[in-house]
Amino acid sequence: MIFDDAQKNMNDAYFGGGTGGLASGLIWSVAGIVAVYSSPQTSMLTLFFGGMVIYPLSLLLSKLLQRSGRHKVNNPLGKLALESTAILFVGLFIAFSVAKLRVDWFYPIMLMIIGVRYLVFQTLYGIKLYWLLGATLTIVGVFCLLFGAPFITGALLGGTFEIIFSLFILYYAKVKSNR
């Protein structure tokens with residue numbers, strides 16, 4: 001499979017990855033809302049356990065939007081998608097460890113980790129908007145750290161930016177597939 005065909009297959013199967021971004025943004029938003037009404041620990045656990053349903057939720061959304069939610073078995077980019085998940089596990093470990101010392105740093109660290117992972121998505125889907133999303137989340141995380149943002153700020157900003165970007169990505173992927 002040549003590279004362009006591999007990206008097209010990923011785009012077609014997962015709606016440009018926009019369904020995953022939308023699912024993730026919703027989970028981040030829920031975690032932020034939980035932080036308003038509960039403890040930081042409950043909010044962090046909401047993101048952690050909610051994160052486990054992002055992929056299945058994104059598949060469901062892909063199928064609802066008439067996409068297969070499955071790439072071809074011989075698509076080498078499928079491995080990259082799976083391998084980039086390791087970034088999340090390392091990031092969660094770092095964020096939870098640091099949160100024991102500074103709970104308000106949890107979401108900024110997670111924003112930076114998620115931002116870095118989104119940079120890889122440009123290679124997966126061929127959508128340069130992922131570079132902007134990755135940079136935006138990373139910069140927001142840095143600013144939250146530098147300016148001592150309240151605990152919930154990172155969760156709510158992360159959710160908001162992911163939802164907004166995912167809507168643009170879904171639109172772009174739809175337009176691209178109609179060509």
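Reader: Happy to start with the core! Which residues touch the most other members of the largest nonpolar core?

Author: Keep in mind that this is a predicted model. The largest nonpolar core holds 46 residues. Those touching the most other members are Leu47, Phe106, Tyr107, Met110, Tyr125 and Tyr130.

Reader: Which element gives the largest share of this core?

Author: Several elements give two or more residues to this core, among them helix 2, helix 7 and helix 8 (129-146). The largest share is twelve residues, and the element they come from is helix 7.

Reader: Is helix 2 mostly covered or mostly uncovered?

Author: Helix 2 spans residues 18-37 and reaches 29 Å from its first C-alpha to its last, close to the 28 Å expected. Of its 20 residues, 14 are buried, so by the cut-off of under 20% relative accessible area helix 2 is mostly covered.

Reader: How is helix 2 oriented relative to helix 7?

Author: The axes of helix 2 and helix 7 (residues 106-125) come within 14 Å and cross at roughly 180°. Angles over 145 degrees count as roughly antiparallel. That makes the two helices roughly antiparallel.

Reader: And how many residues of that contact are nonpolar?

Author: Helix 2 brings Gly21, Ser24, Trp28 and Ala31, while helix 7 brings Tyr107, Met110, Leu111, Ile114 and Tyr118. In the contact of the two helices, no residue is charged, two are polar, and the nonpolar ones number seven.

How values were computed:
Residues numbered from 1 in each chain as written. Predicted model: local features only at pLDDT ≥ 70, side-chain atom pairs only at ≥ 80, totals over all residues. Heavy atoms only, no water. Helix = DSSP H or I, 4+ residues; strand = E, 2+ residues; numbered from the N terminus. Expected span 1.5 Å × (residues − 1). Buried < 20%, exposed > 50% of the residue type's maximum accessible area, 1.4 Å probe, protein only. Axes fitted to C-alpha atoms, helices over the stretch in contact; angles between N-to-C directions. Parallel < 35°, antiparallel > 145°, perpendicular 65-115°, else oblique. Contact = heavy atoms within 4.5 Å. Nonpolar A, V, L, I, M, F, W, Y, C, P; charged D, E, K, R; others polar. Core = buried A, V, L, I, M, F, W, Y, C linked by side-chain atoms within 4.5 Å.
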